[in-house]
Amino acid sequence: MSFRSRGARGVAAVACAGAVVAALPPVQASAADRARAAAGGATSVSPAGHRFSAVADGSVVFSAGPVTVTCALSRSLPVPGRNTVPAAPGNTGAGGAVSMDIGTPSFESCTTDAPGLKAGITTDDSAGAWSIAVRNGTPVTAGLTMPVAGFKLTTKGLASCTVTAAPVSPAALAGTWTNGKPSTVTFSEVHVPVKIEGGFFCPKSVTTATFSATYTITDTSDPGASITVSG
């Protein structure tokens, strides 16, 4: 399946530059400094402790084999312990990413490109939480982790099939974060492992689907603020 967000915003790159003071004598970098540089520098998410929602900007598109499913609505809303920027100092990762658990996303109003074929999507986190990890850089990267069997797509009509994403182990979907008002996360034809089961017409030999979507990240603690990633 292919997941694509139609009419979504483009992805902008965000860069962090360092200041150089030529008048000072050179200073030997410490081992910790060299490790942080190799890892891409520190990452901070702000405002610390703020809650946020993630709502698809445009359609979400999934493709597996010959079938494409388009969902008009998708969102992840704050629930206790989810969709919250970690409190300081947990909102900063020295030389690494900052990870945040998110509310199980929903996918609604889904249709297929095949006449007479209906589709529906259910999501679950009983095998582990959905999460997103962001890392500062050029561009800022965002990795969405889907728990084992956390996403199931079923079709009815011409073919009755079940598509299970991340069937064996959690799947990491690589995306890009763009700071803004609001900030966005974009996934462009990201590959996802799947297992397809069902009758004769189900493409059971297909083991990889694609996912495309752009989500707006809105600060629900302070509508005047934005959730941003920096170094």
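Residues are numbered from 1 along each chain as its sequence is written, and side-chain values use heavy atoms, with hydrogens and water left out. Because the model is predicted, local features need pLDDT of at least 70 and side-chain atom pairs count only at pLDDT 80 or more, while totals for chains, interfaces and linings use all residues.

**Exercise 1.** Work out which residues stand opposite Ser131 of strand E9.

*Solution.* Strands are DSSP runs (E, at least two residues) numbered from the N terminus, and two of them pair if DSSP finds at least two bridges between them. Strand E6 (residues 98-102) runs antiparallel to strand E9 (residues 130-135) over five bridges, and here Asp101 has Ser131 as its bridge partner. E9 is also paired with strand E10 (residues 140-146), again antiparallel and over five bridges, where Ser131 stands opposite Thr145. A hairpin of four residues joins E9 to E10.

**Exercise 2.** Describe the largest cavity by its volume, its central residues and the classes of its lining.

*Solution.* On a 1 Å grid over the protein atoms alone, a cavity is a set of points where a 1.4 Å probe fits but cannot get out, and lining residues have an atom within 4 Å of a point. The volume, the space filled by probe spheres set on points joined across faces, edges and corners, is about 250 Å³ for the largest cavity. Among its 24 lining residues, Ala54, Ile102, Leu144, Phe187 and Tyr215 are the closest to its centre. By class, the lining has 22 nonpolar (Ala, Val, Leu, Ile, Met, Phe, Trp, Tyr, Cys and Pro), one charged (Asp, Glu, Lys and Arg) and one polar (the others, Gly among them) residues. E6, E9 and E10 are among the strands that each supply at least two residues of this lining.

Methods: 1 Å grid on protein atoms, 1.4 Å probe; cavity = no way out; pocket = protein on both sides within 12 Å on 5 of 7 lines; lining within 4 Å.
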